Amino acid sequence: MRKELQKIWPEIEWIEDPELKEKVYQTWEYALEQSVLSPDDLTRIPFTLLVKDCQVTFMEHKRAVVHIAVDSARAMQRFFGDKLPIDMDTLIAGAILIDVGKLIEYVMQDGQAVVGKTGKLLRHPFSGVALAMRFDVPDEVCHMIATHAGEGNLVKRTVESLIVHHADFMSYEPFKPETLKI
Ligand SMILES: [Fe+2]
């Protein structure tokens, strides 16, 4: 599983702290073991069921979020320096883990991945935290999983969580039908 995971998620290697990196690997591996989806499926299925005929795959979306978050954080560090400390390892680990709960949201129905009962009752920000806590992922990273989506608008986000939240929505909202297309 580790080899397959490294193939779809080369960005996990960007995490410098070996302990944190291992926890991220273990959380993803465990989630894949529990999931109806294989690593290969993730490179093919659409990243959202909310956009009709979505052409962007789960992994294209996921990896774009990590790259956008890291590039944004680097630009912020260039301009704000010590005035806005950003923990890059936390940022990267969080960006990689925010949607790990989606792996257990899906069930197979007529050969198609759809959101099942567990996914409806416990959206992936909740199930993702449960998965990550099994492997002692630090609270700062679990916070990012918990707050990355709409639920997080009700609480205060850390700087790392804010950046990843916006990177996530930047990679999602342009595909929504509400986006003005001329
Ligand atoms: Fe999400």
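The largest nonpolar core here has 47 residues, and the ones with the most contacts inside it are W9, W28, L42, L91 and I96. By nonpolar core I mean a set of buried Ala, Val, Leu, Ile, Met, Phe, Trp, Tyr and Cys residues joined through side-chain atoms within 4.5 Å. Buried, in turn, is under 20% relative accessible area, exposed is over 50%, and partly exposed is in between, with a 1.4 Å probe and protein chains only. The elements giving two or more residues to this core are α1 (2–8), α2, α4, α5, α7, α8 and α9. There is also a second, separate core of 5 residues, which includes F47, C54, V56 and Y172.

A quick word on where this comes from. The model is predicted, so local features need pLDDT of at least 70 and side-chain atom pairs count only at pLDDT 80 or more, while totals for chains, interfaces and linings use all residues. Residues are numbered from 1 along each chain as its sequence is written, and side-chain values use heavy atoms, leaving out hydrogens and water.

Let's pick out L91. Leaving aside neighbours within four places in sequence, L91 is in contact (heavy atoms within 4.5 Å) with A69, V70, A73, I86, M144, E160, I163 and V164.

Three of those names bring us to helix α9, where E160, I163 and V164 are among the buried residues, along with S161, H165, A167 and D168. Helices are DSSP runs of H or I with at least four residues, strands are runs of E with at least two, and both are numbered from the N terminus. Helix α9 covers residues 159–170, so 12 residues, and reaches 17 Å from its first C-alpha to its last. That is close to the 16 Å expected at 1.5 Å a residue, the expected span being 1.5 Å times one less than the number of residues. The buried residues of α9 pack against α4, α5 and α8.

Now, which residues coordinate the iron ion? They are D99 through OD, H124 through NE2 and H148 through NE2, at 2.1 to 2.2 Å. Along the chain these donors follow the spacing D-x24-H-x23-H. D99 lies in the loop between α5 (88–97) and β1 (106–109) and H124 in helix α7 (residues 124–134), so the pair ties together parts that are 25 residues apart in sequence. Both D99 and H124 are buried. Donors, by the way, are N, O and S atoms within 2.8 Å of the metal (3.2 Å for Na, K and Ca), and water is not among the atoms, so sites may look incomplete.

Staying with α7, its buried residues are H124, P125, S127, G128, V129, L131 and A132. They pack against α2 (18–34) and α8. After α7 comes D136, whose phi is positive, near 55°. D136 sits in the loop between α7 and α8 (139–147) and counts as exposed at 57% relative accessibility.

D53 also has a positive phi, about 50°, although it is not a glycine. Is D53 buried or exposed? D53 is exposed, with a relative accessible area of 60%, and lies in the loop between α3 (39–42) and α4 (58–80).

T57 is placed in the loop between α3 and α4 too, but T57 counts as buried, at 12% relative accessibility. Not counting residues up to four places away, T57 touches L42, T43, R44, I45, P46 and F47. And to finish, T57 and M76 are 19 residues apart in sequence and 28 Å apart in space, C-alpha to C-alpha.
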